[in-house]
Amino acid sequence: QLQAYGGGLVQAGGSLRLSCAASGRTFTNWAMAWFRQAPEKEREFVARITWNFGTTLYADSVKGRFTISRDSAKNTMYLQMNSLKPEDTAVYYCAAGPRASTVPRDFGSWGQGTQLTVSS
């Protein structure tokens, strides 16, 4: 199971860190990712990290502002978000899957989502 938390209301230019705690299994050899979904929009890829090697990939829209990381000892993934913009407002979901993909259907385990609202 995955549980995402840490969302909230922040002003534009501010920072926030999301966490995704994994329980029930380890994700060795898997990839974990953050997706987000704004109202009336499709779920979109934000960032991905491979659990074993820590290899990362970012969507162009967040590159240079967001940082994905994981703590193997805590079985937890993080998304540090800096220089937040109103267009970052969305529900953020964490996900895990066996493929290092950017497509939601390739991820079989999902957290419940946490809301981020960035005010202008």
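**Chatting through a predicted, all-strand chain**

Q: Let's start with aspartate 88: buried or exposed?
A: Aspartate 88 is buried, with a relative accessible area of 1%. Buried means under 20% relative accessible area, exposed means over 50%, and partly exposed is in between, using a 1.4 Å probe and protein chains only.

Q: Before we go on, what kind of model is this?
A: It's a predicted model, where local features need pLDDT of at least 70 and side-chain atom pairs count only at pLDDT 80 or more, while totals for chains, interfaces and linings use all residues. Residues are numbered from 1 along each chain as its sequence is written, and side-chain values use heavy atoms, with hydrogens and water left out.

Q: Thanks! Where is aspartate 88 found?
A: Aspartate 88 sits in the loop between E8 and E9. The E labels are strands: DSSP runs of E with at least two residues, numbered from the N terminus, just as helices are runs of H or I with at least four.

Q: And what does aspartate 88 touch?
A: Leaving out residues up to four places away in sequence, aspartate 88 touches Arg36, Arg65, Phe66, Ser83, Leu116 and Val118. A contact here means heavy atoms within 4.5 Å. As for glycine 13, it is 75 residues from aspartate 88 in sequence, and their C-alpha atoms are 11 Å apart in space.

Q: Ser83 is on that list. Where is serine 83 found?
A: Serine 83 is also in the loop between E8 and E9. Its relative accessible area is 41%, so serine 83 is partly exposed. Its phi is near 50 degrees, a positive value in a residue other than glycine.

Q: Which other residue has a positive phi although it is not a glycine?
A: Asparagine 75, with a phi of about 55 degrees. You'll find asparagine 75 in the loop between E7 and E8. It has 13% relative accessibility, so it counts as buried.

Q: Zooming out, how many helices and strands are in the protein chain?
A: The protein chain has 0 helices and 11 strands. Its radius of gyration is 13 Å, close to the 14 Å that the globule rule gives for 120 residues, so it is as compact as a globular protein of that length. That radius is taken over C-alpha atoms, and the globule rule is 2.2 Å times the number of residues to the power 0.38.

Q: What does the C-alpha trace span along its principal axes?
A: About 40 × 30 × 25 Å. Of the 120 residues, 43% count as buried. Among contacts between residues at least 6 apart in sequence, 54% join residues at least 24 apart.

Q: Okay, new topic: in what order do the 4 strands of the open sheet come?
A: The order is E1-E3-E8-E7, with antiparallel pairing. Strand E1 (2-5) and strand E7 (66-71) stand at the edges with a single partner strand each, so one side of each has no neighbour in the sheet. Two strands pair if DSSP finds at least two bridges between them.

Q: How many bridges join E1 to E3?
A: E1 and E3 run antiparallel and are joined by 4 bridges. Glutamine 3 has alanine 21 in E3 as its bridge partner, and tyrosine 5 stands opposite serine 19 in E3.

Q: Which residues make up the covered face of E1?
A: Leu2 and Ala4 are on the covered face, whereas Gln3 and Tyr5 are on the uncovered one.

Q: And over how many bridges do E3 and E8 pair?
A: Strand E3 (residues 16-22) and strand E8 (residues 76-81) pair over 6 bridges, in the antiparallel sense. There, leucine 18 stands opposite leucine 79 in E8.

Q: Last one: which cysteines form a disulfide?
A: Cysteine 20 and cysteine 94 do, with their sulfur atoms 2.2 Å apart; a disulfide is a pair of cysteine sulfur atoms within 2.5 Å. Cysteine 20 lies in strand E3 and cysteine 94 in strand E9 (residues 90-97), so the pair ties together parts that are 74 residues apart in sequence.

Q: What's the handedness of that link, right-handed or left-handed?
A: The link of cysteine 20 and cysteine 94 is right-handed, with 70 degrees about the S-S bond. Both cysteine 20 and cysteine 94 are buried, and the structure holds 1 disulfide in total.
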